[in-house]
Amino acid sequence: MMALTAYGPLCTEVYDITKPIGGEYPDVPYYIKHLSKIGGRILEAMVGTGRLLIPLLEADLNVEGIDSSEDMLACCRQHCAQRGLKSVLHHGFVENLELSGKFKAIVVSFGSFMLLEKRNAAVAALQAFAKHLEPQGRIFIDLELPIEDFKTENIVKLAIAH
């Protein structure tokens with residue numbers, strides 16, 4: 001299985017410029033706070049260039065990353081090396097995740113889960129995540145829902161009527 005969206009050298013460069021490491025992102029302090037409480041081995045799925053992974057490593061969290069783009073992973077490795085951080089990065093697709101061991105938490109940040117364009121790919125990824133979680137493990141997935149495409153007004157009216 002493969003997502004239709006591929007991140008090659010140009011996309012990686014654009015991503016790296018528009019989402020720089022160390023930028024002010026509201027999710028970074030959130031994840032540091034919550035993942036610090038969970039502890040243990042953490043996986044950032046769809047890690048990209050390390051926008052989240054690097055601050056998590058700098059916060060002394062035991063975090064690994066996986067991405068389907070070799071270009072994104074190379075950029076992430078470079079960012080880690082520049083900061084003297086030891087990184088564990090895996091190349092692969094979240095839809096058929098096959099990593100050794102289990103994780104206390106799995107994170108997919110910044111709407112990256114929405115890159116899984118087909119329902120069966122999203123379901124396969126969720127099943128793979130569940131398989132890789134320790135008992136009582138947590139999955140964090142940021143979603144950017146296209147609210148204007150949903151007819152939420154009728155859903156709300158139905159919920160109120162019942």
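Trainee: Under 20% relative accessible area is buried, over 50% is exposed, and partly exposed is in between. Which of these does Ser 87 count as?

Mentor: Partly exposed, because its relative accessibility is 24%. Keep in mind that this is a predicted model.

Trainee: Where does Ser 87 lie?

Mentor: In the loop that links α4 to β3.

Trainee: And what is Ser 87 in contact with, leaving aside neighbours within four places in sequence?

Mentor: Leu 57 and Cys 80. As for spacing, Arg 77 is ten residues from Ser 87 in sequence, and their C-alpha atoms are 7.0 Å apart.

Trainee: Let's step back. How many helices and strands does the chain have?

Mentor: There are six helices and five strands in the protein chain. Along the sequence they come in the pattern α-α-β-α-β-α-β-β-α-β-α.

Trainee: What share of the chain is buried?

Mentor: 42% of the 162 residues. On contacts, take those with a separation of 6 or more: 74% of them are between residues 24 or more positions apart.

Trainee: Now the sheet. What is the strand order?

Mentor: β3-β2-β1-β4-β5, in an open sheet of five strands with parallel pairing. The edges are taken by β3 (89-91) and β5 (133-141), and each has a single partner strand, so one side of each is left without a neighbour in the sheet. On average, neighbouring strands are turned by 20° against each other, direction ignored.

Trainee: How many bridges does β1 make with β2, and in which sense do they pair?

Mentor: Five bridges, in the parallel sense. Within that pairing, Glu 44 has Gly 65 of β2 as its bridge partner, and Leu 43 stands opposite Glu 64 of β2.

Trainee: And how many bridges join β1 to β4?

Mentor: Three, between residues 41-45 of β1 and residues 103-108 of β4, and these strands run parallel too. Ile 42 is paired there with Ala 105 of β4.

Trainee: Is β1 enclosed or open, and why?

Mentor: Five of its five residues are buried, so β1 is largely enclosed by the rest of the structure. Both faces are covered: Arg 41, Leu 43 and Ala 45 are buried on one side, and Ile 42 and Glu 44 are buried on the other.

Trainee: How many residues of β2 are buried?

Mentor: Five of the six, so β2 is also largely enclosed by the rest of the structure.

Trainee: Which strands does α4 lie across?

Mentor: Helix α4 (residues 70-82) lies across β2 (62-67) and β3, and runs at about 165° to β3. Helix α5 (residues 119-131) packs on the sheet as well, where it touches β1, β4 and β5. The direction of α5 makes about 140° with that of β5.

Trainee: Changing topic to backbone angles. What is the phi of Asp 60?

Mentor: About 65°, which is positive although Asp 60 is not a glycine. Asp 60 is in the loop between α3 (53-58) and β2. Asp 60 counts as exposed because its relative accessibility is 71%.

Trainee: What about the phi of Phe 110?

Mentor: Phe 110 also has a positive value, near 55°, and is a residue other than glycine. Phe 110 sits in the loop between β4 and α5. With a relative accessible area of 30%, Phe 110 is partly exposed.

Trainee: Which residues line the largest cavity?

Mentor: Phe 110 is one of them. Ser 109 and Ser 112 are also in the lining, as is the run Met 46, Val 47, Gly 48, Thr 49, Gly 50, Arg 51 and Leu 52. Tyr 15 and Glu 44 complete the list.

Trainee: How do the lining residues divide into nonpolar, polar and charged?

Mentor: Five are nonpolar, five are polar and two are charged.

Note on methods:
Residues numbered from 1 in each chain as written. Predicted model: local features only at pLDDT ≥ 70, side-chain atom pairs only at ≥ 80, totals over all residues. Heavy atoms only, no water. Pairing = 2+ DSSP bridges. Helix = DSSP H or I, 4+ residues; strand = E, 2+ residues; numbered from the N terminus. Axes fitted to C-alpha atoms, helices over the stretch in contact; angles between N-to-C directions. Contact = heavy atoms within 4.5 Å. 1 Å grid on protein atoms, 1.4 Å probe; cavity = no way out; pocket = protein on both sides within 12 Å on 5 of 7 lines; lining within 4 Å. Nonpolar A, V, L, I, M, F, W, Y, C, P; charged D, E, K, R; others polar. Buried < 20%, exposed > 50% of the residue type's maximum accessible area, 1.4 Å probe, protein only.
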